[in-house]
Amino acid sequence: MSRDPAALAANEEPRVVAEVQRAAVRQLLAGGPFAESLHILLVSVVAALVWNSLPLGVTGGWVGAVTAAALLRTWWRLRVRRRAPSTEEVLRGIRLTVTGVGLAWGVGAAMAIPALQPHEGALVLVVVTGIIAGATSTLVGDRRSFRYLLITTLAPLPFGILLQGQGRFNVIATVLIALFALGMDRVHRRGYRNFAERVRGGVLLERSTQEVARQHAYLDALIASTPVAIAVLDDQRAVRSVNAAFETLFGYSAAEVVGAGIDGLIVPEAFRSESSDLETRVRGGEIVRVEVERMRKDGRRIQVRLSAAAVKAAADGALVALYEDISDRKAAEAAMREARDLAERVARARSAFLANMSHEIRTPMNAVLGFVELVLDTELAPEQRRALELVRTSSEALLTILNDILDYSKIEAEHLELESIPFDLPKVIHATATLLAVRAREKHLELTVDVPPDVPQVVRGDPTRVRQVLMNLIGNAIKFTDQGEVDVSAGVLQRDSDGAAVQFRVRDTGIGISAEQLGTIFQEFTQADASMTRRYGGTGLGLAISRRLVALMGGELAVTSEVGRGSEFSFALTFPLEAGTQATARAAVSLGGRRLLVVDDNETNRRILRDMLGAEGMAVHEASRADTGMEALRRASRSGTPYDLAILDAQMPDQDGFTLATAIRADRALAETRLLILTSAGQRGDGERCRQLGIQAYLTKPIARADLVEAVGTVLAGTASAPGAADLVTRHSIAESRHALRILLAEDNLVNQQVATAMLLKRGHQVDVVSNGREAVDAVAAEGYDVILMDIQMPEMDGFEATEKIRALPQGRTLPIIALTAHALSGERERCLERGMSGYLAKPFKAHDLFAAVEGRGAQPADTAAAPIPAVDLVAFRRTMEEAGAAEAVDGILETFVATLPQRLEALVTAAAGTEADPLQRAAHAFRSAAGTIGAGSLAALLEDVERAARDGDLAAARDKLERVRGEAQAALDYLRTATKGGRDA
């Protein structure tokens with residue numbers, strides 16, 4: 001394992017510093033007695049030259065001082081060699097002895113110079129400076145030793161020179177000594193730096209050499225000990241080296257293979273061309289990994305995994321090849337293939353047997369069931385009908401047992417394959433519960449289904465198996481419950497952009513399961529106890545199959561229960577999310593303000609319908625009996641405020657829904673009433689019966705809220721049908737009529753993004769989200785969309801500017817753009833339409849209003865937020881009429897206005913289409929007068945503008961305001977319907 005050079009140098013720094021000190025000591029002690037004797041010789045020569053010029057005492061003292069200092073240094077050096085003290089002690093001794101020598105020279109020269117002639121003084125200075133110059137090399141290993149010598153030798157000299165005299169010569173000599181000292185210090189500093197770097201480099205080089213040797217040893221040991229055979233080849237495919245594993249695998253010793261060609265050693269003759277091709281690929285820079293056949297020394301063939309690569313650091317074209325013995329794995333694979341082939345043959349035989357058995361049993365069973373159904377549709381005596389019903393029930397039970405056995409056999413054989421297709425999860429849950437609603441109804445049980453809006457609509461999975469598990473659990477719950485309810489629910493445990501984990505629960509108020517029986521409830525052919533088998537019937541396979549199916553889908557079926565209080569079965573499945581493929585609902589109208597009568601004997605059902613449709617703005621009235629419902633319909637008709645729709649329960653104790661529908665159609669005053677039948681269990685022929693009675697919709701309970709709202713909207717969008725000509729709305733027609741839209745949502749608020757996206761995805765539409773107008777323009781330019789939801793206030797580019805730029809694009813000229821804004825003030829709608837938008841939706845909005853806007857169903861919804869001025873000021877109008885003493889005429893006037901508004905609007909549009917201004921002016925004036933009378937101020941103001949433009953002859957300006965007139969007229973109409981209708985019929 002290699003180490004970073006920088007890290008290596010940093011780690012070695014303390015060692016380098018110590019080595020520099022040791023090298024300095026060696027250098028400082030290297031001179032020996034010769035260096036000291038040189039000082040004695042030099043001082044003796046100087047003394048001889050100036051003997052006649054100096055007093056004897058000064059000469060003798062100087063020579064003696066230098067000699068003593070040199071001898072002392074020699075004695076200390078010899079002592080150090082015997083004692084081997086520490087580096088620090090040696091450096092201190094060197095510095096002291098150097099200081100002694102320097103003082104002897106410096107002080108002696110300073111005392112001698114005043115008495116000497118200038119040329120003699122110069123001679124002394126030359127000797128002293130020569131000693132200093134020599135010390136730059138002899139003392140190069142220690143800066144402090146050199147500085148001590150430099151200071152002690154040169155510092156006294158200026159004093160001696162100035163004592164000799166203070167002439168120009170003396171001053172110059174003093175300055176030169178100072179400059180010389182500085183120069184020598186710099187020379188020594190440079191020399192010391194070079195010395196230290198040289199020592200440092202030597203240390204690091206030695207350490208690097210050791211590290212390289214260690215790494216080489218490590219790599220050699222690694223290669224030698226690796227269990228994979230390794231061979232290094234040169235550019236001639238000759239073996240350079242191999243490891244021990246190579247010797248073991250192929251049976252050669254290293255001496256036998258080194259220098260020999262690899263092909264001749266281990267590559268069979270038939271594979272040498274392939275081996276050459278592999279080498280070419282490796283030398284081309286590719287790392288080759290293949291499974292090949294190679295040959296041992298004894299001739300035995302073995303299967304190996306060959307990995308080969310070029311050694312990039314080698315300039316001579318070396319290759320490294322690794323051989324891994326895979327003979328055992330190949331043998332195991334061959335055995336597994338044989339076992340798999342055998343298992344597949346057995347599975348095919350079992351599948352063929354199951355298919356044949358299924359065919360042989362189902363074929364006659366289909367005939368039995370088919371003919372029983374045909375016979376049951378004929379006139380039969382009661383005893384005959386009971387016998388045939390028993391035959392049908394027994395046949396269906398036998399078919400259920402057969403299906404259970406077949407499914408269990410497939411699961412046991414691991415032959416059951418799960419589908420992965422997009423499907424509507426809430427619809428599967430509702431549809432499954434609906435299939436079992438008849439059984440619940442027969443036992444007088446309440447079957448409820450709770451699927452909250454956050455449950456994803458379109459997911460990917462196996463709807464058949466999900467339905468099968470739910471069918472089994474709900475069926476068991478109904479079977480083992482004699483009174484109370486069965487509740488089916490689904491909820492989201494976790495959700496992200498890719499998928500959602502959904503928890504399914506089936507709870508009942510039945511007999512429950514004891515703690516002892518819970519441990520065996522999922523075993524095959526097992527129920528809670530033997531008595532249950534006799535009482536309730538069944539094979540005991542249902543829960544076992546359900547548990548295995550849930551496990552195959554990635555979940556776990558669990559149960560909690562208490563004897564006498566009921567049970568709860570639950571499981572969680574994770575589904576990938578998928579943009580659903582729904583279709584646009586049939587043309588519908590806004591439900592706000594519509595009058596509805598619900599006729600149902602069950603209070604819970606009436607409450608559910610009231611909550612579902614009341615939330616859409618409908619005025620829901622109720623009747624608990626058929627006769628009271630009939631009277632409510634007649635009373636509303638006589639008062640001039642007939643119901644827009646009547647929802648009838650098919651099963652009521654005194655008079656069922658079909659009988660009531662017959663009576664309604666027989667009453668000429670009620671013949672135009674739209675009818676919707678709700679039934680707990682559909683019967684054969686119900687659809688045709690509905691068509692004959694002119695019933696517009698036929699739905700089964702339990703009904704999903706979305707389907708109910710869709711069906712009601714579809715019915716209200718159509719016209720009352722004559723008997724025999726009704727276009728019947730059912731669950732299937734609703735599901736088939738929707739069309740998935742691709743919608744672009746431009747909204748900068750994250751919460752608003754999530755709300756709108758969740759609603760639209762639930763509806764089955766595909767939604768792309770952007771956070772500002774600029775991104776919206778780019779998205780439209782890059783992709784195709786069916787409709788855009790455009791927030792008005794956004795960063796970078798607001799909704800109005802984005803709309804203008806989108807309209808400038810070829811694909812954006814006719815693209816529907818719905819404005820989203822929290823400014824639901826008067827005039828906001830007009831402002832949005834003037835800026836090029838197609839519609840308007842005020843926040844917060846209801847899901848139904850959002851769907852109506854994006855799917856183009858009827859008029860755009862009115863402002864949902866409170867506005868300062870209502871569409872019609874009814875309070876002021878009633879007050880005016882009361883002051884005039886005509887309060888009783890208010891309702892009649894309003895009803896007349898509502899009834900004539902469509903004709904007035906049509907007359908206005910027809911006049912605008914002409915070329916004459918007078919008809920348009922008269923139509924606008926008449927319409928404005930009526931609107932102003934009842935207090936529709938905004939509508940009257942718009943009509944006044946139209947009238948003025950027509951009077952001025954500006955037909956184009958008048959036509960431009962027609963769209964706004966339509967919107968305001970619709971707002972007034974909706975307001976009047978909501979404000980003047982409501983209440984409750986008993």
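**A surface patch and some salt bridges**

Let me begin at the surface, where L162, V171, I172, V175, L176, L179 and L182 form a nonpolar patch with about 620 Å² of accessible area together. Please keep in mind throughout that this is a predicted model. Helix α8, residues 168-225, contributes the largest share of that patch, namely 6 residues; L182 lies in this helix and is exposed, its relative accessible area being 57%.

For the overall picture, the protein has 37 helices and 22 strands, and of its 986 residues 44% count as buried. The accessible surface comes to about 48600 Å², with 56% of it belonging to carbon and sulfur atoms.

Now to the charged pairs, of which a search of the whole structure finds 37 salt bridges. What do D644 and R594 tie together? Their side chains meet in a salt bridge at 3.7 Å, N to O, and since D644 sits in the loop between α22 and β15 while R594 sits in the loop between β12 and β13, the pair ties together parts that are 50 residues apart in sequence. D644 is buried, at 16% relative accessible area, and R594 is buried as well, at 12%.

In the salt bridge between R296 and D298, at 3.6 Å, R296 is buried, with a relative accessible area of 16%, whereas D298 counts as exposed at 53%.

Finally, R948 and E944 form a salt bridge at 3.5 Å, and, being 4 residues apart in helix α35, they are separated by about one helical turn. R948 counts as partly exposed at 35%, and E944 is partly exposed at 36%. Elsewhere, salt bridges with shared partners join R143, R147, D185 and R189 into one network.

Terms used:
Residues are numbered from 1 along each chain as its sequence is written. This is a predicted model: local features need pLDDT of at least 70, side-chain atom pairs count only at pLDDT 80 or more; totals for chains, interfaces and linings use all residues. Side-chain values use heavy atoms; hydrogens and water are left out. Helices (H or I, at least four residues) and strands (E, at least two) are DSSP runs, numbered from the N terminus. Buried means under 20% relative accessible area, exposed over 50%, partly exposed in between (1.4 Å probe, protein chains only). Accessible areas come from the Shrake-Rupley method with a 1.4 Å probe; for residues, only the protein chains shown count as cover. Patches are made of residues with over 30% relative accessible area and no salt bridge: like charges are joined within 9 Å, nonpolar side chains (Val, Leu, Ile, Met, Phe, Trp, Tyr) within 5 Å. A salt bridge is a side-chain nitrogen of Lys or Arg within 4 Å of a carboxyl oxygen of Asp or Glu.
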